[in-house]
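User: I would like to learn how to read a structure like this one, feature by feature. Could you show me how to go about it?

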Amino acid sequence: MTQYNQTEIDYAFMAKAYALALKAEQHDEIPVGAVVVADGHVIGEGFNQSIMQHDPSAHAEMIAIRQAGKTLENYRMLDCTLYVTLEPCPMCAGLLVHSRIKRVVFACADEKTGSAGSVFDLTRNDKLNHQIEITSGVMATECSALLSSFFKRRRLEKKALKQVIKSNKNA
């Protein structure tokens, strides 16, 4: 039987989260994907759906954790790992602490709202009743490039729309 090291395992599950991020992008959502893993199996998955669901809490992590809770029939994820393509925001980091998830692996840091070490560190705050093991940088290049190209495209679309509005006013 083949033994895999933790780096190989992390990469394999992050690749699944990345595939979900691509799905989010297809729906014109910010391309973030997440999977929750227990005993080597995906028990929850999600991608950003805030726009589609008209729900500011419909982040990839939220959806994946909700699904995992239903799979486990428990609101605690004591021996689970969350793989997510972007560092969790404060809302999601709070959920992860409350869910008692054991470990979070994220691809790229979020320098604006990251709450697993970049801007804040809610995941390892000793004032809270649970701290989470964090691993970062798995598939960071790929996930960062996906996010950058998405936001670049969005900016170009907004600029083009402004041009159309401006030319319609002048017509």
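Analyst: Gladly. Let us begin with a term: contact means heavy atoms within 4.5 Å. Please keep in mind that this is a predicted model.

User: Then let me try the term on one residue. Leaving aside its neighbours within four places in sequence, which residues is Ser-115 in contact with?

Analyst: Beyond those neighbours, Ser-115 touches Glu-87, Pro-88, Cys-89, Pro-90 and Ala-93, and also Phe-120, Asp-121, Leu-122 and Thr-123. Ser-115 sits in the loop between β4 (103–108) and β5 (133–136). A polar atom of the Ser-115 side chain also lies 3.2 Å from the backbone oxygen of Thr-113.

User: Is Ser-115 buried or exposed?

Analyst: Buried means under 20% relative accessible area. Ser-115 has a relative accessibility of 0%, so it counts as buried.

User: Let us step back to the whole chain. What pattern does the protein chain follow along the sequence?

Analyst: The protein chain has five helices and five strands, and along the sequence they follow the pattern α-β-β-α-α-β-α-β-β-α. Along its principal axes, the C-alpha trace spans about 65 × 40 × 30 Å. Of the 171 residues, 41% are buried. As for contacts between residues at least 6 apart in sequence, 58% of them join residues at least 24 apart.

User: In what order do the strands form the sheet?

Analyst: For a sheet, read the order across it, and then the sense of the pairing. The five strands form an open sheet in the order β2-β1-β3-β4-β5, with mixed pairing. β2 and β5 are the edge strands, each pairing on one side only. From one strand to the next, the twist averages 15 degrees.

User: How many bridges join the strands to their partners?

Analyst: Go pair by pair. Strand β1 (residues 33–38) runs antiparallel to strand β2 (residues 41–47), and six bridges join them; there, Val-37 has Val-42 of β2 as its bridge partner. β1 is also antiparallel to strand β3 (residues 81–86), this time with four bridges, and Val-36 is partnered by Leu-82 of β3. β4 and β5 pair in the parallel sense over four bridges, with Val-104 having Ile-134 of β5 as its bridge partner.

User: How do I judge the two faces of a strand such as β1?

Analyst: The general idea is that side chains in a regular strand alternate between the two faces of the sheet. In β1, Gly-33, Val-35 and Val-37 are on one side, Ala-34, Val-36 and Ala-38 are on the other, and all are buried. Six of the six residues of β1 are buried, so the strand is largely enclosed by the rest of the structure.

User: Last topic: where should I look for positive phi values?

Analyst: In the hairpin of β1 and β2, with two residues between the strands, Asp-39 takes a positive phi near 50 degrees. Arg-100, which is not a glycine, has a phi near 65 degrees; this residue is in the loop between α4 (90–99) and β4. Met-139, also no glycine, has a positive phi of about 60 degrees, and is found in the loop between β5 and α5.

User: Are Arg-100 and Met-139 buried or exposed?

Analyst: Arg-100 has 16% relative accessibility, so it counts as buried. Met-139 is buried too, with a relative accessible area of 9%.

Notes
Residues numbered from 1 in each chain as written. Predicted model: local features only at pLDDT ≥ 70, side-chain atom pairs only at ≥ 80, totals over all residues. Heavy atoms only, no water. Buried < 20%, exposed > 50% of the residue type's maximum accessible area, 1.4 Å probe, protein only. Pairing = 2+ DSSP bridges. Polar contact = N/O pair within 3.5 Å; in protein donor to acceptor, adjacent residues only side chain to side chain. Axes fitted to C-alpha atoms, helices over the stretch in contact; angles between N-to-C directions.
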